[in-house]
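Student: I want a close look at a single part of this model. Take it contact by contact, please.

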Amino acid sequence: MDHVGKLSIVDNEDQDDTCTTLVLHEEDHTLGNVLRHMLVKNPDVEFAGYSIPHPSEQKINLRIQTHETPCLTVLYRALDDVTDVCDHILSEIDRAEREFSDNK
């Protein structure tokens, strides 16, 4: 298993780059569900799912299968999409706070 920071790629002899299982260490349903949602919205993704092996383990097993695009490419795209959504939410909160302060 290749391990870089919080991310590990599970070795599988039959895998190619369109079918990958990853382990995200020190994460839970919060990130797992958001990533799965962003992945399944991508038309290049054939399947995306995650599981938590045991409630006492702080890790997620994330399975990605794509039609042709490499799995890591769609994962990075999904992470970028999550970042964009979070940035948008933060900017809307800032805008609403300014609007509220201006109306006092």
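Which residue forms a salt bridge with E99, and how far apart are the closest N and O atoms? Then cover the rest of the helix that holds E99, α2, and what lies around it.

Tutor: R95 is the partner of E99, and the closest N and O atoms are 3.0 Å apart. A salt bridge here is a side-chain nitrogen of Lys or Arg within 4 Å of a carboxyl oxygen of Asp or Glu. This is a predicted model, in which local features need pLDDT of at least 70 and side-chain atom pairs pLDDT 80 or more, while totals for chains, interfaces and linings use all residues. Residues are numbered from 1 along each chain as its sequence is written, and side-chain values use heavy atoms, without hydrogens or water.

Stay with that pair. R95 and E99 both sit in α2, 4 residues apart, about one turn of the helix. R95 is partly exposed, at 38% relative accessible area. E99 is partly exposed too, at 44%. (Buried is under 20% relative accessible area, exposed is over 50%, partly exposed is in between; the probe is 1.4 Å and protein chains only are counted.) Salt bridges with shared partners link E92, R95 and E99 into one network.

Now the helix as a whole. α2 runs over residues 71–102 and has 32 residues. (Helices are DSSP runs of H or I with at least four residues, strands are E runs with at least two, and both are numbered from the N terminus.) From first C-alpha to last, α2 reaches 47 Å, close to the 46 Å expected. The expected span is 1.5 Å times one less than the number of residues.

Which residues of α2 are buried? They are C71, V74, L75, A78 and V82. Their cover includes β3 (19–25), α1 (29–41), β4 (45–51) and β5 (59–66).

Next, the core. The largest nonpolar core has 15 residues. (Such a core is a set of buried Ala, Val, Leu, Ile, Met, Phe, Trp, Tyr and Cys residues joined through side-chain atoms within 4.5 Å.) L35, L39, L62, I64 and L75 touch the most other members. β3, α1, β4, β5 and α2 each give two or more residues to this core. The largest share, 5 residues, comes from α2.

I64 lies in strand β5. At 0% relative accessible area, I64 is buried. Leaving out residues up to four places away in sequence, I64 touches C71, V74 and L75, and also T18, C19, T20, L22, L39 and F47. (Contact means heavy atoms within 4.5 Å.) The C-alpha atoms of I64 and T18 are separated by 7.6 Å, although these residues are 46 apart along the chain.

R77 of helix α2 pairs with D44, which lies in the loop between α1 and β4, so the pair ties together parts 33 residues apart in sequence. The closest N and O atoms of D44 and R77 are 3.2 Å apart. R77 is partly exposed, at 35% relative accessibility. D44 is partly exposed as well, at 27%.

What forms the nonpolar patch on the surface? V85, I89, L90 and I93 form it, with about 340 Å² of accessible area together. (Patch residues have over 30% relative accessible area and no salt bridge; like charges are joined within 9 Å, nonpolar side chains, that is Val, Leu, Ile, Met, Phe, Trp and Tyr, within 5 Å. Areas come from the Shrake-Rupley method with a 1.4 Å probe, and for residues only the protein chains shown count as cover.) V85 belongs to helix α2. With 38% relative accessibility, V85 is partly exposed.

The whole structure holds 5 salt bridges. In one of them, the side chains of K6 and E27 meet at 2.7 Å, N to O. K6 lies in the loop between β1 (2–4) and β2 (7–9), and E27 in the loop between β3 and α1, so parts 21 residues apart in sequence are tied together. K6 is partly exposed, at 40% relative accessible area. The loop between β3 and α1 also holds E26. E26 has a phi near 60°, a positive value in a residue other than glycine. E26 is exposed, at 58% relative accessibility.
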